[in-house]
Amino acid sequence: GASQAEIEAADARLGPAGEVWALDLQTGKVLWRYKLKRTVLGTIAAADGKLYFGSRDGVFHCLTTDGRLVDKLDVHEPIVTSPAVGAEHVYFVTETGRLYAVNREDFSDIRWQAAVGTAGPFLSSPAVAGGRVYVGTSADGFVCIGTPVAEKKPALWAVSYTHLTLPTKA
């Protein structure tokens, strides 16, 4: 029942619903704050002097490590997961199950997007390995999207059995 002027005054008084802070680890001093319309629920990813994160208002942000906005992308769907940074792209999943690949160099360029499942909630953060993006889903299990890199590498943990005895029928 409040008037538009009362709503605007309350909004100005209350400020944003979310913030990202940078703190000096030695002193605890706040180095900078970045104000947001909604909260950030996922972890902030850092790579090459940039910070990547999404917020509940559906905006994916890229900041410098000193808190300056590089670019932002509004996908109009809440983002509650953490992004994954690959060699060329940053990946994130929306609450409705859209996986986005955003070019790291031209942040506003969505390279591709795909549905990661048939039913939510979609709360799993993506992981990147071997030219593929992996996302866990509640209804469809572990989803893998992408093509493998051309070069085959040996497994990091190989198991070899020198002797294996199988039961025989009597």
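Analyst: Happy to! Two strands count as paired if DSSP finds at least two bridges between them, and strands themselves are DSSP runs (E, at least two residues) numbered from the N terminus. Please keep in mind that this is a predicted model, where local features need pLDDT of at least 70, side-chain atom pairs count only at pLDDT 80 or more, and totals for chains, interfaces and linings use all residues. Residues are numbered from 1 along each chain as its sequence is written, and side-chain values use heavy atoms, with hydrogens and water left out.

Let's start with the open sheet of 4 strands, which has the order S7-S8-S9-S10 and antiparallel pairing. Strand S7 (84–85) and strand S10 (110–115) stand at its edges, each with a single partner strand, so one side of each has no neighbour in the sheet. Inside this sheet, strand S8 (residues 89–93) runs antiparallel to strand S9 (residues 98–103), and 5 bridges join them. Val90, for example, has Val102 in S9 as its bridge partner.

Now for another open sheet, built from 3 strands in the order S11-S12-S13, again with antiparallel pairing. Its edge strands are S11 (127–129) and S13 (141–146), each pairing on one side only. From one strand to the next, the twist averages 30°, an angle between N-to-C directions on a scale from 0 to 180 degrees, with axes fitted as lines to C-alpha atoms. Strand S12 (residues 132–137) is joined to S13 by 6 bridges, and the two run antiparallel. Here Thr137 stands opposite Gly141 in S13.
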